[in-house]
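Hi everyone, thanks for coming. Please have a look at the sequence and the model on the screen, and then I'll walk you through them.

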Amino acid sequence: MLTGRDRTRLEALGLPGSLIVADLRDPAAADALVEHALDANGTLDGIVNASGVVAFGPASAIGDDTLETLFAVNTLAPMRLLRAGSVALTASAAAGREPFVLTLSGVVSEVPTAHMAAYSASKAALAAWGKATGRELRRAGIRVFDARPGHTETGLVSRALEGSAPKLAQGLDPALVARRIVAAIVNGERDLPSAAFAEPVVD
Ligand SMILES: NC(=O)c1ccc[n+]([C@@H]2O[C@H](COP(=O)([O-])OP(=O)(O)OC[C@H]3O[C@@H](n4cnc5c(N)ncnc54)[C@H](OP(=O)(O)O)[C@@H]3O)[C@@H](O)[C@H]2O)c1
């Protein structure tokens with residue numbers, strides 16, 4: 001099941017599975033998404049938190065709306081999604097499957113970055129939460145793990161909530177980053193630090 005804010009953009013991806021439009025700034029979205037996934041598929045075996053927003057500029061000047069959106073989408077939404085899905089994920093493990101929750105905090109949670117302070121903070125909070133939650137849920141058979149790729153050429157930086165990106169070196173290829181993450185999901189890996197994206201992908 002695929003989600004985003006715009007049905008046309010989701011349909012344009014041409015991927016199989018059901019689509020649901022939701023805005024993750026809405027605290028009620030997580031419960032609605034899990035309910036939809038269970039209606040569509042009967043089970044929930046994984047959550048990929050690939051939604052995110054970025055902002056640039058000095059920490060002393062960032063706007064309130066930007067701060068709130070960064071933390072709502074990057075930090076609170078994955079927390080709420082796991083909470084909404086935890087019963088179904090536990091049932092998936094009990095049925096012998098290998099449920100997982102992936103977060104994509106990115107390299108900024110390892111190296112908080114100037115002029116991206118609030119983005120870095122929202123992602124560092126996400127990474128800390130995921131680590132602690134993973135310890136809580138390991139016994140239940142739910143794997144919570146974090147991927148921390150460096151700058152990737154998805155166009156995210158051109159969609160910043162505020163400010164503009166400093167001149168960046170050529171980023172990683174999004175297809176290679178996605179392949180590396182999918183390989184980690186399939187292979188049962190428990191962490192994907194930034195260094196993991198410098199190695200060739202072994203499927
Ligand atoms: N690109 C990088 O350099 C990089 C590096 C490390 C980590 N990351 C992280 O990787 C994740 C994916 O980023 P990306 O590079 O693929 O950027 P992207 O192409 O801009 O994708 C961001 C996604 O977030 C969704 N989104 C944004 N605001 C939303 C909201 N309020 N409600 C629901 N969905 C929302 C967007 O969907 P719609 O706009 O269609 O709603 C889009 O699918 C993000 O968490 C990002 O922080 C990116």
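Let me begin with a definition: two strands count as paired if DSSP finds at least two bridges between them. Strands (E, at least two residues) and helices (H or I, at least four) are DSSP runs, numbered from the N terminus. What you see is a predicted model, where local features need pLDDT of at least 70, side-chain atom pairs count only at pLDDT 80 or more, and totals for chains, interfaces and linings use all residues. Residues are numbered from 1 along each chain as its sequence is written, and side-chain values use heavy atoms, leaving out hydrogens and water.

Now, the sheet. Three strands form an open sheet in the order β3-β4-β5, with parallel pairing. β3 (46-49) and β5 (143-146) are the edge strands, each with a single partner, so one side of each has no neighbour in the sheet. Four bridges link β3 to the parallel strand β4 (residues 100-103). Within that pair, V48 sits opposite L102 in β4.

Helix α4 (residues 117-137) packs on the sheet and touches β4 and β5. Helix α5 (residues 174-187) packs there too, touching β3, β4 and β5. Contact here means heavy atoms within 4.5 Å.

On to the ligand. Which residues are closest to the ligand? They are R5, Y119, K123, T152 and T154, out of 23 surrounding residues, each with a heavy atom within 4 Å.

A backbone N or O atom of L24 lies 2.8 Å from a ligand nitrogen. For T154, a side-chain N or O atom is 2.5 Å from a ligand oxygen.

Notes
Axes fitted to C-alpha atoms, helices over the stretch in contact; angles between N-to-C directions. Polar contact = N/O pair within 3.5 Å; in protein donor to acceptor, adjacent residues only side chain to side chain.
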